[in-house]
Amino acid sequence: MAPSIMDAWGRGKSWHGFGASDVDKLRNGFALAQAILDNWHLDVDYKTFSRRTVGNSKTLERIEGVVVRLLSGILEFPPGARPREALRTIGLERFAPPLLIAGRIDLDGADLSRASPHYLGITPKEADRIRFRETPTYVLTIENFASFNRHIAEADPGRLGTTMYVGGYPSLATQQALRTIAGMVSERTPLFHWSDIDPDGTWIFHTIERAVGRPIRPHLMSVEIAERSGEVQAKKSAPARCPPESGIAALAAYLAKEDAKTLEQEELDPALPLLPRTSD
């Protein structure tokens, strides 16, 4: 990375908008990137990490794009993610957003059956406090907030399953919470994820798949739905690189094609996941 910067400056050009006069900013970028590689960012909020590393709480916000670019050759970031979204996936964020979860659940010793909340919001670190009142017929994570609300109101008002909102690219804290909750249900309980049918959706799916360490099935994410209802986009990005056994492998291979169609999940009405047949 440093040779390419020096080469650009030697030819009187900028490096991604940074000229030779910006050497202090880049020095901070290298310091922040190295601190991330050393895991100094874990369990620390955005501004505190910036202050502890370079002495200014606002520096990271100003040069987060540079930090991500410096790390992109070492760490794997979703190509379509904005810098702040990319940093969330490795555990660096202001504060973890709440985990929204709907289902027949309680919290520690508190019986929520009488209150019957539409959904429960907790910090991701409190995921181990969740208790299933009944075994859910499925566990479903959803990328989009509107789709999450529609699913629990229209597709599953009886809370047969457990549904969680992950908020786009799931933060590291959210990934850890999903792993905890997935570990509370048996291998017979199927796990699903519903995202946009696009490259970003495959990255989110595969991120959750790796986080929980169990097979996940795509929900309303298929080549057939894309071909029937999607549109070809002029701007292309790379889908997730995933092994053949991944639940999203077929869709990722399709989205790598030039004529692949994409579709936002809000364009689809919610539906219950197609549950696998069980043998008697």
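**Exercise 1. State which residue just after helix α2 takes a positive phi, and give the angle.**

Solution. The residue is Asn-39, which follows just after α2 and has a positive phi of about 65 degrees. The structure is a predicted model.

**Exercise 2. List the residues of α2 that are buried.**

Solution. Step 1: a residue is buried when its relative accessible area is under 20%. Step 2: in α2, Leu-26, Gly-29, Leu-32, Ala-33, Ala-35 and Ile-36 are buried. Step 3: in an α-helix, residues three or four places apart point the same way, because one turn takes 3.6 residues.

**Exercise 3. Describe the largest pocket by its volume and its lining.**

Solution. Step 1: the volume is about 510 Å³. Step 2: 23 residues line this pocket, and Asp-196, Asp-198, Pro-199, Asp-200 and Ser-237 lie nearest its centre. Step 3: helix α8 (residues 199-212) supplies the largest share of the lining, four residues. Step 4: by class, the lining has nine charged, eight nonpolar and six polar residues.

**Exercise 4. Describe the second largest pocket in the corresponding way.**

Solution. Step 1: its volume is about 360 Å³. Step 2: among its 16 lining residues, Asp-43, Glu-93, Ala-96, Lys-125 and Ala-173 are the closest to the centre. Step 3: the lining has seven nonpolar, five charged and four polar residues.

Key
Residues are numbered from 1 along each chain as its sequence is written. This is a predicted model: local features need pLDDT of at least 70, side-chain atom pairs count only at pLDDT 80 or more; totals for chains, interfaces and linings use all residues. Side-chain values use heavy atoms; hydrogens and water are left out. Buried means under 20% relative accessible area, exposed over 50%, partly exposed in between (1.4 Å probe, protein chains only). Helices (H or I, at least four residues) and strands (E, at least two) are DSSP runs, numbered from the N terminus. On a 1 Å grid over the protein atoms alone, a cavity is a set of points where a 1.4 Å probe fits but cannot get out, and a pocket is an open set with protein on both sides within 12 Å along at least five of seven lines; lining residues have an atom within 4 Å of a point. Grid points are joined across faces, edges and corners, and a volume is the space filled by probe spheres set on the points. Ala, Val, Leu, Ile, Met, Phe, Trp, Tyr, Cys and Pro count as nonpolar, Asp, Glu, Lys and Arg as charged, and the others, Gly among them, as polar.
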